[in-house]
Amino acid sequence: MTKQCDTKYFGTYAYEQNEVLSFQNGLFGFEEEKEFLLIQFDKNNENVLCLQSLKIPNIAFFVVNPFAFLPEYRPVPSDKEIQSIDARGIGDLLFYVICRMTDDIRTSTANLKCPIVINLHNNKAMQVILDDPSYQFRHSFSALVPKEEEGNTSC
């Protein structure tokens, strides 16, 4: 059965219940928000999405597939975290990172330290803190922009 919700960027949005991501503990700083949708900004780009709260329309985050921009990214949630969303192992998981986007991609950042982890089989999700000092809360996109594209860095 199709449902609808109000969103920050898409107006009224139609979705199916099986698209809802369920966060038992919410997101860091938004612990009361338990249900979200992942909505593509561009139908041709599955790597940049909006994580939209179902409860409060103004709570929406830019998220990206970190592997599309940083193939060497290797997030490793704990066994307890993997089990808490009923996943059998890391192969059952999707990862997204929350971004702070600006008009210039070089000043945009991604939170590689605290990815969102989703069990692709049941849509249970959580945000984790990785125990890896090489990942930062504000990883700059400037290092990811190829030199030949530096003149075209607006979002």
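What share of the contacts in the protein chain with a separation of 6 or more comes from residues 24 or more positions apart? The share is 50%, where contact means heavy atoms within 4.5 Å.

This is a predicted model, so local features need pLDDT of at least 70, side-chain atom pairs count only at pLDDT 80 or more, and totals for chains, interfaces and linings use all residues. Residues are numbered from 1 along each chain as its sequence is written, and side-chain values use heavy atoms, leaving out hydrogens and water.

The protein chain holds two helices and 11 strands. These are DSSP runs, numbered from the N terminus: helices are H or I with at least four residues, strands are E with at least two. Of its 155 residues, 41% count as buried, meaning under 20% relative accessible area with a 1.4 Å probe, protein chains only.

Now take Ser53. Ser53 sits in strand S5 (residues 45-53). Its relative accessible area is 0%, so Ser53 is buried. Its side chain has two listed partners:

| Partner of the Ser53 side chain | Distance |
|---|---|
| Side chain of Glu33 | 2.5 Å |

The largest nonpolar core has 17 residues. Such a core is a set of buried Ala, Val, Leu, Ile, Met, Phe, Trp, Tyr and Cys residues joined through side-chain atoms within 4.5 Å. Strand S7 (residues 93-100) gives the most to this core, with four residues. Another core, of 14 residues, lies apart from it and includes Phe23 and Leu27.

How values were computed. Buried means under 20% relative accessible area, exposed over 50%, partly exposed in between (1.4 Å probe, protein chains only). A polar contact is a pair of N or O atoms within 3.5 Å; within protein, one must be able to donate a hydrogen and the other to accept it, and residues adjacent in sequence count only if both atoms are side-chain atoms.
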